[in-house]
Amino acid sequence: MASPADQVTLVVLTRDRVEVLLDTLARLVALPGSPPILVVDDASQDGSARRVAERFGDRVVVIPLPRSVGGAGRNVGVRAARTPYVAFSDDDSWWAPGALERAVAVLQAEPRLAVVQGHILVGPGERDDPICSEMAASPLPSGRGQPGHPLLSFVACAVVCRRSALLAAGGFLAALRMGGEEELLGQDLAAGGWHMSYLPDVVAHHHPGPRDGRKRRRDGIRNALWTTWLRRPVGPAARRTLRLLRRCPPDATTARAVGEALLGAPLIVRRRRPLPPDVERLAALLEVQQLNSEARRYVD
């Protein structure tokens, strides 16, 4: 098997969490095969770039962004990588030894596979992330020769991707920033004929810190609505919108999310591109499962 250094680049997105970032990088630097590591610093104000350079020297390359772009910062890392595959981490997630080698082997064996989603173990207790059970129960049919459990989206803190597929699909949409920003890219990958799979034996760790629950919920609802109207036909988009909003608490956070979504109408008009029929059928298959998970996600 080829060395990970020749095949996969680690792209780590961070913003203003330098101590967490340094701990994560220490784990990534220790991975076997010494894959290259790119840190995309999303306009941090806490000295992240300087601290990383002081501790890791040229073992880690930092790409500082002049202004914050959220999840689209990963696009910068993808473009800068020089390997056929990229593995995403957030500043609070990292890969288990052997995970990258396994993911790369699967991607090399399946030329239409764009994404290998890892199994996520959360916190010091190493509990399974609930999203893993949802992915394992995916109702989607497998493509010819497709390994693992087929997906239509992914979790960006623990995923290994084919670089050429991400570039062809256009990467993460900057307007979505953070909060379910993967769904649109996943649908665009599927529309381009690519497969995505969850492989439980590719393991990643995620130790999330305290978060602003209201902001996270607001951004998630807004992005779910934008993604729906950017890619779903009018009828399914309207039905999904109504079902989603019925499951969200009728409070100020939901109202603000809907208001922000309505302000994005020009974005929808400008960038709307309904999914091809075969991918729309997959989206419809996932809808009930997805709405149930959104109901849990959008409660503070």
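Author: Phe88, Phe154 and Phe172 form one aromatic cluster. Here rings of Phe, Tyr and Trp (its six-membered ring) pair if their centres lie within 6.5 Å; planes under 30 degrees apart count as stacked, over 60 as edge-to-face and the rest as tilted. This is a predicted model, in which local features need pLDDT of at least 70, side-chain atom pairs count only at pLDDT 80 or more, and totals for chains, interfaces and linings use all residues. Residues are numbered from 1 along each chain as its sequence is written, and side-chain values use heavy atoms, with hydrogens and water left out.

Reader: How many aromatic pairs are there by this rule?

Author: The rule gives a count of two aromatic pairs. In one of them, Phe88 and Phe172 lie 6.0 Å apart, centre to centre, with 65° between the planes, and the pair is edge-to-face. Phe88 sits in strand β4 (residues 85–90) and Phe172 in the loop between α7 (163–169) and α8 (182–191), so the pair links distant parts of the chain, 84 residues apart. Helices (H or I, at least four residues) and strands (E, at least two) are DSSP runs, numbered from the N terminus, and the count of aromatic pairs is two.

Reader: Is Phe88 buried or exposed?

Author: Buried means under 20% relative accessible area, exposed over 50%, and partly exposed in between (1.4 Å probe, protein chains only). Phe88 has a relative accessible area of 0%, so Phe88 is buried.

Reader: Why do Phe154 and Phe172 count as an edge-to-face pair?

Author: The ring centres of Phe154 and Phe172 are 6.2 Å apart. Phe154 is in the loop between β8 (149–150) and β9 (158–162), 18 residues from Phe172. The planes of the two rings stand at 75°, so the pair is edge-to-face.

Reader: What relative accessibility does Phe154 have?

Author: Phe172, its partner in the pair, is buried with a relative accessible area of 5%. Phe154 also counts as buried, because its relative accessibility is 6%.

Reader: What radius of gyration does the chain have?

Author: The radius is taken over C-alpha atoms, and the globule rule is 2.2 Å times the number of residues to the power 0.38. With 300 residues, a compact globule would come near 19 Å. The chain agrees with this, as its radius of gyration is 19 Å.

Reader: How many helices and strands does the chain have?

Author: The C-alpha atoms fill a box of roughly 50 × 45 × 40 Å along the principal axes. Of the 300 residues, 52% count as buried. The secondary structure comes to 13 helices and 10 strands.
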